[in-house]
Amino acid sequence: MYTQGLDQKGQTSKPAAVEESAEQLAAFQARIDAEEKIEAKDWMPEAYRRTLVRQISQHAHSEIIGMQPEGNWLTRAPSLKRKAILLAKVQDEAGHGLYLYSAAETLGVSRDQMVADLLAGKAKYSSIFNYPTLTWADIGAIGWLVDGAAIMNQIPLCRCSYGPYARAMVRICKEESFHQRQGFEIMLELTRGSDEQKAMAQDALTRWWWPSLMMFGPSDKDSKHSAQSMAWKIKRFSNDELRQKFVDVTVPQAEFLGLKVPDDDLELDEASGHYRYGDIDWQEFYDVLAGNGPCNRQRMAKRQGAHDDGAWVREAAQAYAAKQAAKAA
């Protein structure tokens with residue numbers, strides 16, 4: 001759902017010493033250009049494999065870490081119905097993470113290694129999950145804005161050139177569509193409620209709007225990997241194209257809700273049909289990615305704690321598997 005960390009400078013590992021002939025590279029690109037799907041056992045350039053590992057693992061990490069801000073409200077949802085819906089959504093996010101870890105494993109990297117990289121700070125997840133959920137309206141804003149931005153980014157991934165990733169995204173996108181509608185419905189109910197509830201919805205939009213725009217990653221001029229990823233058809237649209245689509249779709253929704261987007265420079269360009277929007281605070285974006293956001297340390301501490309608490313389950317599963325293997329032998 002969230003691939004912005006691909007565009008950070010200094011995050012690309014050094015190329016492996018792999019012999020790749022010009023003929024192999026040309027044949028591979030010809031397959032990409034012909035819209036063929038690349039499968040796990042097919043030959044691929046090492047840089048293509050590394051890019052996919054980085055993107056898919058970060059996507060998986062984001063789904064898992066993304067359970068935390070919403071899980072914070074599971075026991076405080078305003079009704080049993082809301083609790084059941086939110087519980088289903090958090091469960092979906094866990095499933096998305098598992099699909100994506102499985103897709104990344106087809107590229108020759110182990111799940112243990114991916115998790116170890118996350119816990120060691122070597123791997124990134126989406127900056128959006130380092131912001132706190134202060135009120136129930138934040139759960140609505142996450143569904144409406146964050147999952148809405150995710151869908152904008154993820155639907156093109158269903159046509160990703162790497163088959164296992166593309167196929168995993170089909171189901172994920174269907175479930176994310178439910179998440180987005182759930183969030184918008186929460187916001188709609190709040191805006192039709194009391195003045196206090198409407199103010200709560202407006203406050204959530206005000207706090208989540210700019211971080212949601214940052215989800216698409218740096219501007220195209222500062223994006224390090226986008227051009228190559230688009231040439232390989234891992235990505236289908238640039239960061240700025242996706243961000244513009246999100247703004248164009250979401251601003252009318254905010255107007256329907258009776259809420260004000262927190263951007264004094266926002267205006268509709270009648271000629272192009274697109275909304276012009278103000279400058280994004282990219283310093284905030286890079287600060288959060290560097291680990292200095294409002295909840296970075298809290299998120300990673302909880303993930304480390306959950307990993308440690310689950311060690312006995314992993315050990316038991318390994319012992320059982322070894323026992324079964326010994327019986328079979």
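Are Glu-70 and Lys-89 buried or exposed? Both Glu-70 and Lys-89 are buried, where buried means under 20% relative accessible area, exposed means over 50%, and partly exposed lies in between, with a 1.4 Å probe and protein chains only.

This is a predicted model in which local features need pLDDT of at least 70 and side-chain atom pairs count only at pLDDT 80 or more, while totals for chains, interfaces and linings use all residues. Residues are numbered from 1 along each chain as its sequence is written, and side-chain values use heavy atoms, with hydrogens and water left out.

**Salt bridges**

The model has 18 salt bridges, each defined as a side-chain nitrogen of Lys or Arg within 4 Å of a carboxyl oxygen of Asp or Glu. Three of them are listed here.

| Pair | N to O distance |
|---|---|
| Glu-70 and Lys-89 | 2.4 Å |
| Glu-189 and Arg-82 | 2.7 Å |
| Arg-111 and Glu-105 | 3.2 Å |

The side chains of Glu-70 and Lys-89 meet in a salt bridge. Glu-70 belongs to helix α3 (residues 67-71) and Lys-89 to helix α4 (residues 80-105), so this pair ties together parts that are 19 residues apart in sequence. Helices (H or I, at least four residues) and strands (E, at least two) are DSSP runs, numbered from the N terminus.

A salt bridge also joins Glu-189 and Arg-82. This pair links distant parts of the chain, with Glu-189 in helix α7 (residues 163-191) and Arg-82 in helix α4, 107 residues apart. Glu-189 counts as partly exposed because its relative accessibility is 47%, whereas Arg-82, at 10%, counts as buried.

In the bridge between Arg-111 and Glu-105, Arg-111 is partly exposed at 26% relative accessibility, and Glu-105 is partly exposed at 33%. Elsewhere, salt bridges that share partners join Arg-31, Glu-36 and Asp-42 into one network.

**Aromatic contacts**

There are eleven aromatic pairs in the structure. Rings of Phe, Tyr and Trp (its six-membered ring) pair if their centres lie within 6.5 Å; planes under 30 degrees apart count as stacked, over 60 as edge-to-face and the rest as tilted. One of the pairs is Phe-28 with Trp-43, which is edge-to-face at 6.1 Å centre to centre, with 80° between the planes. Phe-28 is in helix α1 (residues 22-33) and Trp-43 in the loop between α1 and α2 (46-65), so the pair ties together parts that are 15 residues apart in sequence. Phe-28 is buried at 3% relative accessibility, and Trp-43 is partly exposed at 34%.

Phe-285 and Tyr-286 also form an edge-to-face pair, at 5.1 Å centre to centre and 75° between the planes. Phe-285 has a relative accessible area of 1% and is buried; Tyr-286, with 32%, is partly exposed. One aromatic cluster consists of Phe-28, Trp-43, Tyr-48 and Trp-232.

Charged groups also sit over rings, counted if NZ of Lys or CZ of Arg is within 6 Å of the ring centre and within 35 degrees of the ring normal. The charged end of Arg-76 is over the ring of Trp-73, 3.9 Å from its centre. Lys-245 lies over the face of Phe-237, at 3.6 Å from the ring centre.

**Cavities and a pocket**

On a 1 Å grid over the protein atoms alone, a cavity is a set of points where a 1.4 Å probe fits but cannot get out, and a pocket is an open set with protein on both sides within 12 Å along at least five of seven lines; lining residues have an atom within 4 Å of a point. Grid points are joined across faces, edges and corners, and a volume is the space filled by probe spheres set on the points.

The model has three cavities of 30 Å³ or more. The second largest cavity has a volume of about 70 Å³. Ten residues line this cavity, and the closest to its centre are Asn-153, Leu-157, Lys-235, Arg-236 and Leu-242.

The second largest pocket holds about 360 Å³ of space. Among the residues lining this pocket are Tyr-101, Arg-111, Asp-112, His-307 and Arg-314. Helices α4, α5 (111-119) and α12 (296-309) each supply at least two lining residues, and α5 gives the largest share, four residues.

**A loop residue**

Asp-264 is in the loop between α10 (239-257) and β1 (267-268). Asp-264 counts as exposed, at 73% relative accessibility. The C-alpha atoms of Asp-264 and Leu-107 are separated by 46 Å, and the two residues are 157 residues apart along the chain.
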